[in-house]
Amino acid sequence: MNNTISHTDLTLIACTLAAVASPLLAALVNFCLPVKSKVAGWVSAVAILLSCVLAAKVFAGVWNNPQIHVNQVWFTIGDTKVYAGLLLNNLSALMLLLVSVIALPVHIYSTAYMKHDDRYSRYFTYLSFFCFSMLALVVVDNLVLFYAFWELVGFSSYLLIGFWFTKDKAVQANKKAFIMNRIGDIGLLSAIIILFTVYGTFDINALFGHQGMLSISAIRDGQWAIQPDLLPTSYGSIWLSGGASGSLPAIWQYIAVAGIVLAVAAKSAQFPLHTWLPDAMEGPTSVSALIHAATMVAAGVFLLGRVYPMFTQTELTILACIGCFTAFMAATIALTQNDLKRVLAYSTISQLGFMVLGMGVGAYSSSLFHLATHAFFKCLLFLVAGIVIHEMQHVKEENNLDIDPQDISLMGGLRKKLPLTFVVALIGGLALIGLPLTSGYLSKDGILIQAFEWSDGKAAWFKIIPIMALLTSWLTAFYVARLIFKVFFGEFRLSKTYPNLKFHMADGGWQYKLPLVLLAVCCFFPLFSFTPFSYQKSWLFQGTNISPISKFESIYHLTIPALVNIFSLLVIYAAYAIYIKQSSFAFPQTGLLYRLSYNQWYFDKIYKRVFVKPVLGLGKFLYWFDKNIIDGFIHLLATMSRCVASFAAWADKYIVDGFLHLMAAIVQGIGNFARKFQGGKVQYYLFSMLAIVLLLFILKILI
C-alpha cells in the first residue's frame, strides 16, 4: 500500500474486497454445479446477502467520513507506473450498498421465477458474475480497471439478455445491446487514452478528486490549459505538448468529453444510443429488474458522477439537452406501447434522461438521489411485471391460446386475483410518478426545481429544458396510470374474447412476496428523509452535494411541487376517465402523433435504413468482391498455374523425354547395325572388305 492505513480502514477495505469477491465465488461454484441444480440459486442468494451485509458495514464506515484511497503498483511501462486500488468515498459506498441491496430481492425472486428453467444454474452463474462486475466497477480507483469492469458489465448483460438463446428475438436483442454498447466503449477508451496522455495517470482520485488535476484545468483561448507545477509527481511522468505553456489544443478536451458522453449514452440508454434497451426485454424479467434498477444502466450516470469535474458549463448544457430530449422522447413512446415490459423499459430511459438532465443543470446530488430512489421502484415494477406475465403465461398454456402474455390490452381486473401484486404495483407507480410521501417525489422534484433555478438569468431558450422536463413528468403520470388501470382495473378482457376461459392466478409464494414487500417499503420517503417534502434535508442529498446548500429557497421550491402534483392528479384522473369509465374523451389511435409514438419515433427504422442496410450492403459487396474478384483472381492464378504445369508435363513427356528416346533409338540402331559386322564368320568379313573396296573404287572413278 502507498500510505499508512488505520486498523478501521483496513477492516473496511477487507469488507469491500469480500463484498466484491462474494458473487464471483458464487459464480465459480455455480459454474461447477449441474446445469439443473437448484442449489445454485441459494448459493448466489447467500453470496449477495453477504455482499449486502458487508456493503452496509462499509457504507456506515465511509459515509460522510474522509475517503479511503489505497493502491499499489500494478505494472510498469518504461518510467510510468500504473497503480491499482480501491477508492471508497460517499459515491462508491452508496453505489456498493445500492447494487447489493437491489440485487438481493432479485436473487430471492429468481429462485422461484426460474425454477422450471432447464439452465437454472447457468442463469445464477451469469447473475452472480454480473453483480461481481458491477460491484467492482463502483469501487476501483483506476481508469484501466474501470474500463475492464465496464466491459465485464456489458459482457455479462449480453449473456443475461440472450439467456434464452433458442429464441431468435433474444439473440437479436443481445447482439444489438452488445454492438450499441461497443460504440460507447470506443468513446470511453478514447477519453481514457487522452486523459492519460495529458496527465500521465489513470488514477481517478488524482484526476477528479478534491483538488485533482482536472479541477485546475480549463479552456482558455482555444487551449486546454493545465498548470504543470500543480500536478502531483507521484503518478509517473507527465507529457504535455506545447512546451512550458502546459496546454493542449482544446479539441482534445472536446474529444475526451464527447467520448464520455458517448459512453454514458450507450450504457444508460440516452439518445441516440437508446434503442437497445427496449429490445433487451427479451431476457428473463428478473434480469430486466436488475439491469434497469441499479446496475448496467446506472453505470453511465455513475460514470458522470466520477468524471463530473472535467465538464465545462457549455458541455454540461449539451448534456442537459440530451437528457431532457431523451426523457421527453421516451415518455411519449411509453404512452402508446402495449407490451408491459416495453412500457417500463421506456420509463427507465425517461428516468435516466432525468438523471442526465440533473447532471447537466448542476443538480449533481439530486441526480444521484434519483438514481437511488429509481432503483427501488423500478425494480419493484419489473418484479410485478414478472408475476403478471408469469400468470398470463399459465393462462395461455392452460387454455392452449395463441396470445402474447405481455400484452396489457388482454389484461384487466387483476387486482382481484393478485391483491398483493396490485398494492405494491400501485406503490411503485406512485413513486415513479413522484407523488408526495414517496421517495420519487423528493428526488424528481429536486431535479425539476434545480433545473428552473439553473435557467434563471440565462437566455429565454434555456427555459425550454425545465419546461420540457415538467411536461415529461406529467406524461409519466399518464402512462403509469394507463398501465395500472389497464392491468389491474376493469374486467379481465381476455375472458370476453374467450368466454369459456379457465384461469387460476395467485401472488405466488414467499419468494415472490418478500422481495415485493421489501422494495415497496423502500419506495416511501422515510428511507431517505424524515422530512417528506424537502429534498435538501435528505441524508443522501446532503452526503453527495458538491456545492454549499443555499439557505434561500426560491419560489420554485413551492410552485414546482404544487404544479407538478396538481396536474399529475388531473392527468391520472384523465387516464381513469379514458381507460376505466370509457369516456368519449380519448386519444385517436390514428394520426401522425400516435404513429410517431407507437412506432417509437421510427428510430429503429431510421437506423436500419441509414446504418444497418448500408453496412449490410457494404458487407454483401465486400463478400461479392472477395468471392468474385479476390477469389476469382486467385482462381485465375491457380488455373494459369495448372495450365503451365500441364504444358510443362507435356513438354517434359513428349519433347524432352521424346528427344532422349530418339537419341537412344538412334544409338541403339547404330549399335544394332554395327553389331552385324561382328558376327565371327570369315566370309562375312571378306565380303565386307570387298564391298568397301568396290565402294571406294566406284567413288574414285566418279570423283
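Ser-44 touches Ala-26, Asn-30, His-107, Phe-124 and Ser-128 in the predicted model, residues up to four places away in sequence being left out of the count; contact here denotes heavy atoms within 4.5 Å. The residue lies in helix α2, which spans residues 39-62. Helices (H or I, at least four residues) and strands (E, at least two) are DSSP runs, numbered from the N terminus. Ser-44 is buried, with a relative accessible area of 1%, where buried means under 20% relative accessible area, exposed over 50% and partly exposed in between, with a 1.4 Å probe and protein chains only. The side chain of Ser-44 also reaches the backbone oxygen of Phe-124 at 3.4 Å.

The structure is a predicted model, in which local features need pLDDT of at least 70 and side-chain atom pairs count only at pLDDT 80 or more, whereas totals for chains, interfaces and linings use all residues. Residues are numbered from 1 along each chain as its sequence is written, and side-chain values use heavy atoms, with hydrogens and water left out.

Lys-463 is located in the loop between α17 (439-455) and α18 (464-488). With a relative accessibility of 24%, Lys-463 is partly exposed. Beyond its neighbours within four places in sequence, Lys-463 is in contact with Phe-452, Ser-455, Asp-456 and Tyr-556. The side chains of Lys-463 and Tyr-556 are joined by a polar contact of 3.0 Å; such a contact is a pair of N or O atoms within 3.5 Å, and within protein one must be able to donate a hydrogen and the other to accept it, residues adjacent in sequence counting only if both atoms are side-chain atoms. A distance of 8.7 Å separates the C-alpha atoms of Lys-463 and Ala-451, which are twelve residues apart along the chain.

Strands β1 (residues 68-77) and β2 (residues 80-88) run antiparallel and are joined by nine bridges; two strands pair if DSSP finds at least two bridges between them. Asn-71 has Gly-85 in β2 as its bridge partner. The two strands form a hairpin with two residues between them, and Gly-78 in the turn has a positive phi of about 65°.

Zero disulfides are found in a search of the whole structure, a disulfide being a pair of cysteine sulfur atoms within 2.5 Å. The cysteine sulfur closest to that of Cys-15 belongs to Cys-52 and is 13 Å away, too far for a bond; Cys-15 is buried, at a relative accessible area of 10%. For Cys-321, the closest cysteine sulfur is that of Cys-324, which at 7.3 Å is likewise too far for a bond. Cys-321 is partly exposed, with 30% relative accessibility.
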